[in-house]
Amino acid sequence: MIEQAPALIVIIPLLAALLLIPATPLGPRFAYGLLVTALAATLAAALATLNLVMVANEAVHYRMGDWLPPHGIELVIDHLSGVVLVLVSGCALLTAIYSRQSAEQDNPDRLNQYYALFALLVTGLLGMTATGDVFNLYVLLEISALSSYGLLARGRGPAYYATFKYLVVGTIGACFYLLGVGYIYIMTGSLNMADLAEILSRPELQESMSVKIGFTLIIIGVWIKMALFPLHAWMPNAYSKAGTTTACLVAPLMTKVSIYIMIRLMFSVFSVDYVFGVIPWHHLVSWLAVAAIVVGSLTALAQQDLRKMLAYIIVAEVGYMVGGAWLANEAGLTGAIYHILSDALMTLCLFMAVGAIIYRTGKSSAAAMEGLFAKMPITAAVFVLGWFSIIGIPPTCGFFSKWYLISGGIEAGHWAYVAALLFSSLINAVIFFRLIEIAYFGNFATHDGHHAAPARNEAPFTMLLPMVVTAALLIMVGLYTSEIITALVGKAIPPGL
Amino acid sequence: MKRLTLIILAACALIMLLAASDLPDWADPASPASSHLSPGFVEQAYEATHTPNVVTAVLADYRGYDTMFETVVVFLAALIIMIILRRTPHRRFCKILPHRPQRQGRDTVLKGAAQLIIPVMQVFALYVLGHGHYSPGGGFQGGVIFGASFILLALCYNLEFTINRFRERIVLLCCAGGALLYAGVGALCLAMGWNFLGYAALAGILGVSEAMARSHGILLVEVGVGITVMAVMVSIYYDLASGGDMREGL
């Protein structure tokens, strides 16, 4: 049974989503239980697969329908995708536990259908990570994109309009990807990633203009999906208008999985030599990343809404990872991959904390932070810890990933990227102190500093538990950085970098 | 802004033309797309799956994993439209469409025509679905024809008449049920000790050869696709025609 684990990672959430629809009469408790159980089983399957990969010390292949790879579809799970699978299923499980109150509050009438969308989004993300076929990746990209449109449209107020914009931009991104895959297919006749890599290494295809343009279109498509500056305009509005649970699920995972896809396509379908030797525009990307970091950080500084602020910080973080991956050295890519892990955890942590604040106060502006340490001490501690990681204070994992990214930047001699990273940390620290000031001393504009301490009103237990676990994971991952790097991330670095 | 759009469009067109420069010729038998994998499909598909229509064999068996998710995409479309549009009971009285045609369905000609056409349509839909192994057809096409027969019923009579015969709850169950049948067949193969969607696992249950079991497996998943597509067509029509409140409409 253990060799079936790679397929189970994708199938369990899919079956859960399909079963949630006929299970509607059984009530919200059953739906919640089914979702949490299914995602726990998914996490177990992901851990078992990662264990298989680590024991064998090579990629695990799974043939769908028992067909040999270039004709059939295969799942390929190596060290990189194994880590991302565990990350995605773990974050999804934490969010599912967290959703007990907020999902019911946001969807009193259609909880089962909401949860079905939730499970399908997780299916899409896991499937994209596990697959070894570029067209299958597109199909699952569609699944995750469609279900995220549905989830985001369930948000409050102008969510429909923000989601509609996302739908248009996201569809354009998917089209770019599909068009690129089309060109590659015409030139190679294959869709399997390993087969493609072999065919594309032939000298006549290395110089082919169609393949170069196919690569460019695919990468642009993925950039639109991950909201890399200047293709990020859809993202902050869509994320900040979303329901609490939706934001916790979509914000940390969608962009990170897109980054994973970019790295996978760059180094598993194409090669280090191709990307950094043949593609003429590869050195421009790190400048795009610098622009993303600077613009994202500065815009975040100008925001009043907590979630919009976080969304712009994600724009900057996407810049970190894209820059690291395109620095063309080992430290940079290590930092980028490790940052997928740490950034998913810290954005999850912060979105959960902000979600709890919104749940209790009903406000999402910075003013909701007022008196936070007295009202919600645990949430406040989690919030502070998450923000420490965003700034990059040891021993949180944010410090270590940033360390690798900066050393990658120094190694490549890309001083603007290093400066942008430090600048972004500084801005994050400024935002942090501004929020802490509001939390401790209240908003000076409305108060004169003399008011009774507000009563304690902590978030409910099902919200606190995943928050505390995530915050603990931030420190744990930080403390075990060297083990994670040598055992997992280091093995994911392609040879020749 | 409009000028910028034009510039971007022109740049895209230029890139497409550049990319077309070294693409293989139309219908070139030596092109990679027709020389790399296709011969393998053409030569082996019949022997391995006992399905004369190679397209069906590739769609539902070799790449059945993709097709399963395409079915889920169709299901998602209905689910999302429902979750966005369909009214909740306590908000029933806020109308989206203020001017809505009142249809009593008294038109004898329309009703008579519908009575003649609909049964034929439904039988034909089943034929298209079942005949996918031999000719163009299969679950997607058959499901669309079947779904269209219900829409025709709603157009010629009225929405309420159709909903009374095909309740919204059943429609939703069919939407999920078809995809569930597909994934369930795959999971059954997995439970029998083969890989997910390895229909050859059904040979033991059905008492036929492995290639024939693959053929039967293809039929089973095509039925699943057909159910989902049919129900999704009907569900989307219900939602859009009544503005989401399921009472009246076209």
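Select residues 132–427 of chain A: the span is 81% helix and 0% strand, and its end C-alpha atoms lie 39 Å apart. In an unreviewed UniProt entry, these residues carry the feature "domain: NADH:quinone oxidoreductase/Mrp antiporter transmembrane". Keep in mind that you are looking at a predicted model. For the complex, the predictor gives an ipTM of 0.91 and a pTM of 0.93.

**A helix pair in chain A**

Now show helix H14 (residues 306–325) of chain A together with helix H19 (residues 415–441) of chain A. Their axes are 11 Å apart and the angle between them is about 160°. Because angles over 145 degrees count as roughly antiparallel, H14(A) is roughly antiparallel to H19(A). The crossing of H14(A) past H19(A) is left-handed.

From H14(A), select A:Met309, A:Ile313, A:Ala316, A:Tyr320 and A:Gly323; they meet A:Tyr417, A:Leu421, A:Ser424, A:Asn428 and A:Ile431 of H19(A). Colour this contact by residue type and you will find seven nonpolar residues, three polar and no charged.

**Backbone details in the loops of chain A**

Most residues other than glycine have a negative phi, and most peptide bonds are trans.

- Go to A:Asn57, in the loop between helix H2 (27–56) and E1 of chain A. Phi of A:Asn57 is near 55°, a positive value in a residue other than glycine.
- Next, zoom in on A:Phe229 and A:Pro230, which are joined by a cis peptide bond with omega about 0°. A:Pro230 sits in the loop between H9 and helix H10 (235–240) of chain A.
- Then move to A:Pro394 and A:Pro395, where a cis peptide bond has an omega of about 5°. The loop that holds A:Pro395 runs between helix H17 (377–391) and helix H18 (397–412) of chain A.

**Where the chains touch**

Show both chains. How many residues of chain A are in contact with chain B? There are 48, and they contact 45 residues of chain B. On the chain A side, at least two residues each come from helix H1 (5–20), strand E1 (60–63), helix H4 (111–130), helix H5 (134–153), helix H6 (159–188) and helix H9 (209–226). Highlight H5(A), which supplies the largest share of that side, eleven residues. By type, the chain A side divides into 29 nonpolar residues, 13 polar and six charged.

**Over to chain B**

An unreviewed UniProt entry annotates residues 68–88, 109–128, 140–159, 171–197 and 217–238 of chain B as "transmembrane region".

Residues 109–128 of chain B are 100% helix and 0% strand, with end C-alpha atoms 28 Å apart. Residues 140–159 of chain B are 90% helix and 0% strand, and here the end C-alpha atoms are 24 Å apart.

**Last stop: a helix pair in chain B**

Select helix H7 (residues 139–156) of chain B and helix H11 (residues 210–241) of chain B. Their axes cross at roughly 35° and come within 7 Å. Look along the crossing and you will see that H7(B) passes H11(B) in a right-handed sense. The contact of H7(B) with H11(B) is made by 16 nonpolar residues, seven polar and one charged.

Definitions and conventions. Residues numbered from 1 in each chain as written. Chains lettered and ligands numbered in written order. Predicted model: local features only at pLDDT ≥ 70, side-chain atom pairs only at ≥ 80, totals over all residues. Contact = placed C-beta atoms within 7 Å. Helix = DSSP H or I, 4+ residues; strand = E, 2+ residues; numbered from the N terminus. Nonpolar A, V, L, I, M, F, W, Y, C, P; charged D, E, K, R; others polar. UniProt positions renumbered as here; feature names shortened; annotations may be inferred. Axes fitted to C-alpha atoms, helices over the stretch in contact; angles between N-to-C directions. Parallel < 35°, antiparallel > 145°, perpendicular 65-115°, else oblique. Left-handed = near helix turned anticlockwise from the far one by under 90°.
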